[in-house]
Amino acid sequence: MEPLSTFEIAGRIIYQLSPVWFSLVILYAASIGFKRRLGLYGKLFDSPIGMIGFGLVMFWVFTGIYGAMDMIITHDPLVQVSGMKNKVPGTPMNGATEADYPYYLLGGDNLARDVFSRLVKGAWEVIKIAPMAAVFAFMVGITLGLPAGYYGGRLDTTLSFAANLILAFPVILLFYLLVTPEIVATGVPNYMAIVLFIFPIIFVGVLLNSRYYTRPKVRNLVLPLVLGIIIWFYLQLVSNGGYLINTPAYSIPGLPRVMDMFDIPGGILVVFVSVVFVNSPTVFRIVRGLTLDIKTRDYVAAAQTRGEGPWYIMLWEILPNARGPLIVDFCLRIGYTTILLGTLGFFGLGLPPESPDWGSTINDGRKLLSIYLHPALPPAFALLTLVLGLNLLADGLREESLKD
Amino acid sequence: MGLFILRRSGVMLLTALCLTFIVFFLTNLYPNLEKLAKTQGNFRMSDEAVASWLDANGYGGSMVSKYGQWLGVLPGWTRESEKGFTGRCMTGAVSAEEAAEAPTFCGILQGDWGYSTRFKDEVSTIIAERLGNTGRLMFWVLVLMVPSALIIGVLAGMREGSVTDRSLSTASILTTATPEYVSGVIFIAVFTSSTVGLKWFKGTATSAMDNPNFENFFLPVLTIALYGMGYIARMTRASMTEVMTAQYIRTARLKGVSFHNIVLKHALRNALIAPFTVIMLQFPWLLNGVVIVETLFNYKGFGWILVEAAGNNDIELLLAVSVVSVFVVLVTQLISDIGYVYLNPRIRIS
């Protein structure tokens with residue numbers, strides 16, 4: 001078979017991505033149709049920059065999700081095919097049978113794996129970690145930043161000192177210290193997970209309690225139910241194979257295996273925990289700054305005069321009014337997390353060596369960069385467009401939220 | 001002002017102590033020590049052999065006492081074996097007389113940074129040499145990054161909403177969205193590979209350590225500078241647009257001052273206060289960029305030893321690296337605070 005020309009490659013890639021185009025069209029049609037009823041999200045579609053950014057982000061989100069469902073990929077991202085090592089884009093697959101896709105659309109890498117399929121699978125690696133890590137970082141930052149800004153005093157001094165301490169650490173040094181198999185063996189990431197993942201429980205618990213404090217009947221029903229479910233998830237998250245911490249020297253038993261629905265491998269957990277750990281101090285500083293500003297407003301004084309509790313004021317008066325900058329920062333934070341994950345992959349930390357994530361792929365590809373461009377450039381552009389999309393989205397949101 | 005600097009220095013010292021203790025704690029966890037013993041001794045050591053190697057080389061004992069020895073507030077360890085006396089303050093095995101003469105304390109307070117197990121050399125000489133390389137890199141990064149970022153920011157913020165503003169702002173968003181390992185790879189691919197065929201620059205900066213020139217040094221400098229540039233440019237733009245809407249600019253305009261003079265004489269100075277702080281706070285990020293770029297371009301500087309020390313669990317070198325980087329971060333924070341107060345008369349007087 002003849003190798004494909006550039007146009008044929010582009011055509012086939014566009015065809016391969018058709019579920020993504022389809023979903024994007026539906027999403028955009030629906031969103032533009034109902035944009036007046038969708039609040040800030042709908043207003044996004046008034047700004048061209050925001051629309052482009054949102055499109056780029058959703059493109060990768062859909063690619064990641066469909067890729068995880070094995071819809072877009074042409075080959076198994078881990079299988080090595082003999083004779084396909086470093087082959088240029090569009091090369092027919094060596095010894096392809098009827099069931100195989102006949103071409104390597106973006107060529108083969110230095111281990112003769114399909115670059116296109118690895119690219120698509122790599123999108124899922126980012127999509128499954130980055131937004132969740134940003135959410136957890138926000139939970140930690142908000143739960144600590146609100147009281148620090150609201151109460152001030154010694155609490156604020158201590159927490160700010162701790163935040164500055166983490167921020168003064170060069171990120172890469174911290175990653176090199178935390179994300180190693182030796183540290184995983186000591187159980188340090190598990191301890192950090194136990195501490196960091198407790199913040200969402202505190203956040204939701206205080207949120208609901210302060211809201212329904214005056215209506216004990218509702219509270220006594222809602223609070224145990226919600227907290228029970230979250231705590232169950234928390235225990236599933238932090239306990240692994242029946243143990244909270246399982247080192248050769250000692251182990252702490254956790255949730256019994258029967259109740260444990262999912263396990264997170266130590267490698268992924270340590271990556272997740274360190275990314276959350278690095279991001280939360282920045283969120284803390286932003287939330288603290290916003291709280292310091294908002295607590296001088298009249299409506300806070302009004303709530304204080306009404307006799308509302310401090311946590312009600314923080315979570316139901318201050319936080320909703322700080323949402324604009326926080327939403328914008330949330331988008332930027334996902335982008336930054338994506339960059340951090342790429343950095344981890346680039347230095348070969350945490351993720352398994354055959355993992356298709358973009359950072360590792362760039363690192364693999366860069367060694368032969370002077371001869372073969374195709375293994376390193378697609379993941380580089382993928383990472384670039386996703387982070388660019390998130391930045392543009394943040395910019396669009398900032399512009400639109402400033403208008404009202 | 002004096003009290004302010006004194007208090008900040010105290011906080012800095014406390015931060016540095018906490019951070020080095022964290023690094024010390026993490027590097028001295030048992031699995032890390034075991035790995036160190038096996039790379040220094042041999043890979044087939046039994047558990048007992050590992051334990052005795054660690055004890056003989058001063059890695060035994062409690063975490064706090066070892067940290068005290070490293071700081072130089074507790075006496076250094078000594079061991080007596082059939083070869084003679086060994087200890088923290090002695091090089092190799094020495095006789096009893098020499099051991100008696102050796103200093104009791106040798107930590108960083110005495111200026112002794114320890115011995116690198118990876119490079120088999122004094123930590124202080126390694127750091128001094130590599131820091132020089134990185135210093136040269138950083139110097140050119142700043143020379144390239146700061147003026148161009150300020151010019152882009154001022155040009156964009158001068159007339160808000162104009163075509164220049166739109167295109168320059170989009171360009172700065174693009175550079176902040178491109179981490180060093182992405183832009184570096186793209187630059188190497190476009191400018192150095194034989195596939196594209198431009199071959200304007202060299203893909204490695206190894207030769208730049210002895211003989212830096214435009215061909216082998218420009219790409220690493222550009223790669224680090226670009227990532228920070230966009231952020232500083234956006235901050236400058238924001239500050240410039242704010243100044244341009246101020247009352248006194250309108251007065252100047254109504255008086256008939258030319259646009260040229262308004263920007264250069266009236267607006268520029270006030271617009272540059274905020275970017276100054278931002279530039280100073282960029283240093284921690286630049287440090288990250290240095291590590292990535294030095295790995296990517298194989299330039300053996302400070303970032304390269306960080307990777308080497310961390311990869312081989314070279315405890316004392318890693319501690320020295322973290323002391324230096326924490327020092328850089330904290331000093332730039334201090335300078336940014338002082339500079340902000342100094343540049344902004346409103347804060348200085350109140």
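In the predicted model, residues 24 or more positions apart provide 70% of those contacts in chain A that have a separation of 6 or more. The secondary structure of chain A comprises 17 helices and four strands. Its radius of gyration is 24 Å, close to the 22 Å that the globule rule gives for 404 residues, so chain A is as compact as a globular protein of that length. Along the principal axes, the C-alpha atoms of chain A occupy a box of roughly 80 × 60 × 40 Å. Buried residues make up 47% of the 404 residues of the chain.

The packing of two helices was examined in further detail. Two packed helices are described by the angle between their axes and the distance between the axes. Helix H2 of chain A spans residues 18-33, and helix H4 of chain A spans residues 48-68. The axes of these helices come within 9 Å and cross at roughly 135 degrees. Because angles over 145 degrees count as roughly antiparallel and those from 65 to 115 degrees as roughly perpendicular, H2(A) and H4(A) are oblique to each other. Their crossing is right-handed.

On the side of H2(A), the contact is formed by Pro19(A), Val20(A), Ser23(A), Leu24(A) and Leu27(A). H4(A) contributes Gly55(A), Met58(A), Phe59(A), Phe62(A), Thr63(A) and Tyr66(A). When these residues are grouped by class, the contact of H2(A) with H4(A) contains eight nonpolar and three polar residues, with no charged residues.

Terms used:
Residues are numbered from 1 along each chain as its sequence is written. Chains are lettered from A and ligands numbered from 1 in the order in which they are written. This is a predicted model: local features need pLDDT of at least 70, side-chain atom pairs count only at pLDDT 80 or more; totals for chains, interfaces and linings use all residues. Helices (H or I, at least four residues) and strands (E, at least two) are DSSP runs, numbered from the N terminus. The radius of gyration is taken over C-alpha atoms; the globule rule is 2.2 Å times the number of residues to the power 0.38. A residue is buried if 20 or more other C-beta atoms lie within 10 Å of its own, exposed if 12 or fewer, and partly exposed in between; C-beta atoms are placed from the backbone. Two residues are in contact if their C-beta atoms, placed from the backbone, lie within 7 Å. Axes are lines fitted to C-alpha atoms, for helices over the stretch in contact, and angles run from 0 to 180 degrees between N-to-C directions. Angles under 35 degrees count as roughly parallel, over 145 as roughly antiparallel, 65 to 115 as roughly perpendicular and the rest as oblique. A crossing is left-handed if the near helix is turned anticlockwise from the far one by less than a right angle, and right-handed if clockwise. Ala, Val, Leu, Ile, Met, Phe, Trp, Tyr, Cys and Pro count as nonpolar, Asp, Glu, Lys and Arg as charged, and the others, Gly among them, as polar.
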